[in-house]
Amino acid sequence: MFATIDDMPGDLRGKRVLVRADLNVPMQDGVVSDATRLQACVPTVAALADRGAVVLILSHFGRPKGVEKALSLRPIAWALGEVLGREMAFVADCAGPDAEAAVVELHPGQIAVLENTRFHPGEEANDPALAAAIARLGDYFVNDAFSAAHRAHASTEGLAHLLPAFAGRAMEAELKALEAALGKPERPVVAVVGGAKVSTKLDVLLHLVGKVDHLIIGGGMANTFLAANGVDVGKSLCEHALADTAREILTRAAAAGCTVHLPYDVVVAREFKAHAAYEVVNIHEVPADAMILDLGPLAVEMLSDVLKTCATLVWNGPLGAFELEPFDAATVALARTAAALTEGGTLVSVAGGGDTVAALNHAGVADKFTFVSTAGGAFLEWMEGKTLPGVEALQQEHRP
Ligand code: ADP
Ligand code: MG
């Protein structure tokens, strides 16, 4: 277990708390174009400031090589101030004598963003000297950036060993949701894995077959499994070189008692574009000149029935080329079934992945899932069963 900000002293006046957030937001023409990540850190930052702490926010931004003015966190600090609805200060370095001099000037309850941690090469190298220099600025460390936790960097991992370390609210919510989905889930558990290619999700599939009761394989990667089973997939996206690997995954699933669900019928077209002429065919009737772009209606009905028998769902990867209508149909339909079952209280549903989040938003159900992770790489590594160094460092429960 990990300690949370509830385990910190209630009165934090006279204390400085270093909060690792993820302010790595998309920018367009110098303006934040998606403030989701800024909103995510509000509960933690506001709670600590309300308890009288000086809150010092750490984050990386982009991939600078040394100090790059264009990748300063300064404009993002002001944007965060607006999202928080509070006064915001900015400290032009995250370590060193100037930073030390600046933070002592801040008064209880004041919030400051410190400059891009990656301006120091020691950040990505997880240099103990940099971690120690950052640690001198604060009394406590709070990590609220699950999305950066798969990287053992000075501000995500190193710092957690030097100060009493706690999970922030967003980190806490993410860890609890992931624990409920694959740690100690209610059974039966069903995993949906889709997306373009098997090669990007091999470790995910290998981990899941040993963990879940049902594995639904959709998207382009299903073609590789079908082809490995001797099905002619025509011109579909397919990694024929991975046929042995696909068979190995199916063998391991069978040994582990995991039922794998491959498509029964599919939607095929001759062109990879929206509103291309299409037909629904049985997987054994894919025309030689056609591509599979979505699962068929019978497959969706059968998969919906699987979801109805399950207590927990974890989902990564769309079932078809969902960006192109009408090849979004299977993804949208199954997502809505999952949302309805979640609302009905019979299913805990957790999803993640860049395109998966976009697909759930497109289906209008992202807010109806139990939890949707926007963490990207960290979410996938967790699906692979990996230990995330930033999370591992929090498990040590340094308590003041
Ligand atoms: P995520 O970002 O959620 O991890 P992926 O990046 O693995 O998901 O996969 C998403 C991509 O897979 C989408 O761009 C989608 O168009 C593509 N895709 C899904 N099914 C097919 C298919 N049958 N043929 C080609 N591309 C597909
Ligand atoms: Mg993707």
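The model is predicted: local features need pLDDT of at least 70, side-chain atom pairs count only at pLDDT 80 or more, and totals for chains, interfaces and linings use all residues. Residues are numbered from 1 along each chain as its sequence is written, chains are lettered from A and ligands numbered from 1 in the order in which they are written, and side-chain values use heavy atoms, with hydrogens and water left out.

A polar side-chain atom of Lys-201 is 2.7 Å from an oxygen atom of ligand 1, and a backbone N or O atom of Gly-354 is 3.4 Å from an oxygen atom of the ligand. Of the 590 Å² of accessible area that ligand 1 has on its own, the protein covers 85% (Shrake-Rupley method, 1.4 Å probe; for residues, only the protein chains shown count as cover). Helix H8 (219-228), strand S14 (291-295) and H12 each give two or more residues to the shell around the ligand, where helices (H or I, at least four residues) and strands (E, at least two) are DSSP runs numbered from the N terminus. H12 gives the most, with three residues.

H12 spans residues 354-363, and its buried residues are Thr-356, Val-357, Ala-359, Leu-360 and Ala-363 (buried: under 20% relative accessible area, 1.4 Å probe, protein chains only). Seen down the helix axis, these residues fall within an arc of 160°, so they line one face of H12; the arc is that of the directions from the axis to the C-beta atoms. Their cover includes strands S15 (312-316), S16 (348-352) and S17 (371-373), as well as helix H11 (329-343). Just after H12, Gly-364 has a positive phi of about 75°.

Strand S17 holds Ser-373, which is buried at a relative accessible area of 0%. Residues that Ser-373 touches include Val-357, Ala-351, Gly-352 and Phe-379, not counting residues up to four places away in sequence; contact means heavy atoms within 4.5 Å. A polar atom of the Ser-373 side chain also lies 3.1 Å from the backbone nitrogen of Ala-375.

Terms used
Buried means under 20% relative accessible area, exposed over 50%, partly exposed in between (1.4 Å probe, protein chains only). A polar contact is a pair of N or O atoms within 3.5 Å; within protein, one must be able to donate a hydrogen and the other to accept it, and residues adjacent in sequence count only if both atoms are side-chain atoms.
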